[in-house]
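Please brief me on this chain. Start with the overall fold, then go to the ligand shell and a few individual residues.

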Amino acid sequence: MNIKVEELSFGIRDKSLIEAISLEIREGEFVGLIGPNGSGKSTLLKNMYRVLKPDMGGVYLNGQNLSRMTHKETARQMAVVSQEANVAFDFTVMDIVMMGRAPHKRMLEADSARDREIAEQALARVGLGHAAISSFSTLSGGEKQRVLIARALAQEAGFLILDEPTNHLDIRYQLQMMDLVKTLQLTSLAALHDLNIAAYYCDRIYVLEAGRIVASGTPDEVLQQDLLRRVFGVETQISRHPYTGKPSTTYLPETIANR
Ligand SMILES: Nc1ncnc2c1ncn2[C@@H]1O[C@H](COP(=O)(O)OP(=O)(O)OP(=O)(O)O)[C@@H](O)[C@H]1O
């Protein structure tokens with residue numbers, strides 16, 4: 001699956017929120033989107049997963065314009081895990097994962113044995129095979145995120161969008177979740193806040209600032225002191241991590257940076 005965003009702009013009333021964004025995610029790539037609060041990451045992703053409608057430009061999946069596809073067709077190709085992990089009503093874990101099968105069914109079509117099998121396999125892949133009949137609302141934040149990944153897997157889409165997927169997760173679950181997504185080898189685009197996680201997991205990174213892409217490239221190319229100072233307004237020290245071989249960012253508090 002190859003995804004292209006071309007010259008995408010979106011605004012609300014007369015305020016432009018993202019402007020002329022172009023980017024590409026190639027088959028099998030894990031691409032990160034970083035940028036300060038309010039820079040437009042979620043707005044861009046929402047335009048990509050069709051919660052918002054671009055004012056200009058478009059999104060292409062394998063060359064096909066998303067706006068010409070039905071929402072169901074889109075959902076067969078694109079799955080989304082967002083930071084809003086709360087679900088109203090008391091669904092079981094299996095209920096939630098089975099929702100991933102909806103784009104493959106006709107209206108009111110009953111679940112088949114095959115649907116169940118796919119959902120069970122998806123749950124097993126995220127290590128929650130034992131939790132099928134647990135109530136979703138009683139799970140921890142990390143477990144909920146894993147269930148939502150299982151739902152995305154059950155959807156059997158080739159492209160995965162993650163909107164700050166590790167928000168609210170403690171460090172162990174953050175790593176577990178990123179490891180999981182990485183081993184799935186899906187073509188993915190993830191909005192991330194943690195620069196070290198982005199450096200470790202992403203093949204390439206796009207940097208958003210005030211609704212525009214201001215840098216892109218490999219973690220090595222993008223994670224530079226000057227850029228982080230300009231875009232995030234923080235002083236950093238960047239070194240190569242001796243174990244991972246990736247750029248490792250240390251944030252310097254103003255009191256130390258100004259010494
Ligand atoms: N419905 C809306 N009406 C007006 N402004 C909006 C709306 N949605 C988003 N914005 C504004 O658009 C800008 C981009 O927001 P967005 O949530 O896309 O940023 P973000 O990079 O995902 O931020 P964060 O890191 O804080 O999640 C912000 O200034 C926000 O206030």
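The points below run from the whole chain to single residues.

This is a predicted model: local features need pLDDT of at least 70, side-chain atom pairs count only at pLDDT 80 or more, and totals for chains, interfaces and linings use all residues. Residues are numbered from 1 along each chain as its sequence is written.

**Overall fold**
- The chain has ten helices and twelve strands. Both are DSSP runs numbered from the N terminus: helices are H or I with at least four residues, strands are E with at least two.
- Along the principal axes, the C-alpha atoms fill a box of roughly 65 × 40 × 30 Å.
- Of the 259 residues, 37% count as buried. Buried means 20 or more other C-beta atoms within 10 Å of the residue's own, exposed means 12 or fewer, and partly exposed lies in between, with C-beta atoms placed from the backbone.
- Among contacts between residues at least 6 apart in sequence, 65% join residues at least 24 apart. A contact needs C-beta atoms, placed from the backbone, within 7 Å.

**Ligand shell**
- The residues around the ligand include Ile 12, Leu 17, Gly 35 and Asn 37.
- The shell divides into two nonpolar, seven polar and one charged. Here Ala, Val, Leu, Ile, Met, Phe, Trp, Tyr, Cys and Pro count as nonpolar, Asp, Glu, Lys and Arg as charged, and the others, Gly among them, as polar.

- β11 pairs with strand β12 (residues 247-252) in the antiparallel sense, over six bridges. Pairing requires at least two DSSP bridges between the strands.
- Glu 235 has Leu 252 in β12 as its bridge partner.
- Six residues lie between the two strands, and Gly 245 takes a positive phi near 75° in this hairpin.
- Gln 237 is found in β11 (residues 235-240). Gln 237 counts as exposed because it has 12 C-beta neighbours inside 10 Å.
- Beyond neighbours within four places in sequence, Gln 237 is in contact with Thr 250 and Leu 252.

**The β9–β10 loop**
- Ala 210 lies in the loop between β9 (204-209) and β10 (212-217).
- Ala 210 counts as partly exposed because it has 15 C-beta neighbours inside 10 Å.
- The C-alpha atoms of Ala 210 and Leu 17 are separated by 7.5 Å, although the two are 193 residues apart along the chain.

Definitions and conventions
Contact = placed C-beta atoms within 7 Å. Near = placed C-beta within 6 Å.
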